Amino acid sequence: MSLRAPEARRSNALHAGAWWLWALGLAVAASRTTNPLLLALLVAVSAYVVAARRTDAPWARAYGAFLKLGLAVLLLRLVFSVLLGSPIPGDHLLLTLPEAPLPDWARGIRIGGRVTAEQVVFALYDGARLAALLICVGAANALANPARLLKSLPGALYEAGVAVVVAMTFAPTLVADVARLRTARRLRGRAAGGVASVLQVGLPVLEGALERSVAVAASMDARGFGRTAPVAPALRRATAVLTLGGLFGVCVGAYGLLAGGGAGYGVPCAAAGTAAALAGLRLGGRRSVRTRYRPDRWGARAWLVAGSGVLVAALVIALDGPALHPGVVPLAAPELPLWPALAVLPGLLPAFVAPVPKEARP
């Protein structure tokens, strides 16, 4: 394999699942820390890779929408902390809001009251973690082709995959429609901002989405989507038990890996659940009668991209410590820990090994 990234073509395009594994690795790393400097570094890594390897397809514009969503989540978390209070004690009083009296059954909940710098900083750290997680997921939406991701799903998940891919495609397409209509309004000399503009743009956008949905449904019906092969009742029950039990095990294992004291049971539950779920998917695939035309290959570059995200998650989990969770009492400026910061840098690897889109060539 050449070290120089080739120009992206149909024959060497990166597997969509590799982008999702890379982004989920960054998201897991973001969920393990509240250090705003480390979270900003994770967001910068995802932004650099997206800028270097995204195409001009409609879904590639989803990253900006996820950035705005992350900022909105951060602001909402701050507003809730100011209005509803926080259990974090603090001595640095910022302001005192009028406090609404509540009945005895609502004891422990308050509206208004003292707002301290400690509770605001704590809310900022907590909201930044969720915002970074959303932005990492947005990177996967901007880089992975949803139609090609659908082709790679197991046969047992094909019907659910169709619904998920249509939902994933709807959001960036909706953003593109809004941008197109706002540009048309500006060219006609009309206002592109304000409540009235949003209401006037919303109706054509929803009408176009409805027409697109009807067209997609008609084309899918004409191509035979939804056809299944007959299977024995015992096989259906075994498939359901293995799949649901495996997913439950994966959920328990994921909770153990993300929680502070669940590392002991997290790995065994995740491994057992994954094995059971894969067995269930293997059996459930017998219902599908579809075939794959020119399936995507998982090559060496896909392993490098997916492995870089997994490596970032594994290193951040292994380097867990007080530096990843800066305290707010006493109030102090956060510091960027050296080794966790270096552990995030492998996430930049896709920007150098993934095939380069034609529009990204200098």
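1. Trp 303 counts as exposed in this predicted model, because its relative accessibility of 59% lies over the 50% that the term requires. Its aromatic partner is Trp 298, which, with a relative accessibility of 29%, counts as partly exposed. The centres of the two rings are 5.7 Å apart and their planes stand at 75 degrees, so the pair is described as edge-to-face, a term that applies to planes over 60 degrees apart.

2. A search of the whole structure finds three aromatic pairs, and another of them, formed by Tyr 48 and Phe 352, is tilted, with 6.4 Å from centre to centre and 35 degrees between the planes. This pair links distant parts of the chain, since Tyr 48 belongs to helix 2 (residues 36–53) and Phe 352 to helix 12 (residues 350–353), 304 residues apart. Tyr 48 is partly exposed, with a relative accessible area of 43%, and Phe 352 also counts as partly exposed, at 47% relative accessibility.

3. Turning to charged side chains, the structure holds three salt bridges, and one of them is formed by Arg 32 with Asp 320, where the closest N and O atoms are 3.5 Å apart.

4. Asp 126 takes part in a salt bridge with Arg 77, in which the closest N and O atoms are 3.2 Å apart. Because Asp 126 is in helix 4 (residues 117–143) and Arg 77 is in helix 3 (residues 62–84), the pair ties together parts that are 49 residues apart in sequence. Asp 126 is partly exposed, with a relative accessible area of 23%, and Arg 77 is likewise partly exposed, with a relative accessible area of 25%.

5. Asp 126 also forms a salt bridge with Arg 129, the closest N and O atoms of this pair being 3.0 Å apart. Arg 129 and Asp 126 are three residues apart in helix 4, and therefore about one helical turn separates them. Arg 129 counts as partly exposed, at 26% relative accessibility. Through salt bridges that share partners, Arg 77, Asp 126 and Arg 129 are joined into one network.

6. How do helix 2 and helix 4 lie relative to each other, roughly parallel or roughly antiparallel? Their axes come within 10 Å and cross at roughly 15 degrees, which makes helix 2 roughly parallel to helix 4, as the angle is under the 35 degrees set for that description. The crossing in which helix 2 passes helix 4 is left-handed.

7. The contact between these two helices is made on the side of helix 2 by Pro 36, Leu 39, Val 43, Ser 46, Val 49, Val 50 and Arg 53. Helix 4 contributes Tyr 125, Ala 128, Arg 129, Ala 132, Ile 135, Ala 139, Ala 142 and Leu 143.

Definitions and conventions: Residues numbered from 1 in each chain as written. Predicted model: local features only at pLDDT ≥ 70, side-chain atom pairs only at ≥ 80, totals over all residues. Heavy atoms only, no water. Phe/Tyr/Trp six-rings, centres within 6.5 Å; stacked < 30°, edge-to-face > 60°. Helix = DSSP H or I, 4+ residues; strand = E, 2+ residues; numbered from the N terminus. Buried < 20%, exposed > 50% of the residue type's maximum accessible area, 1.4 Å probe, protein only. Salt bridge = Lys/Arg side-chain N within 4 Å of Asp/Glu carboxyl O. Axes fitted to C-alpha atoms, helices over the stretch in contact; angles between N-to-C directions. Parallel < 35°, antiparallel > 145°, perpendicular 65-115°, else oblique. Left-handed = near helix turned anticlockwise from the far one by under 90°. Contact = heavy atoms within 4.5 Å.
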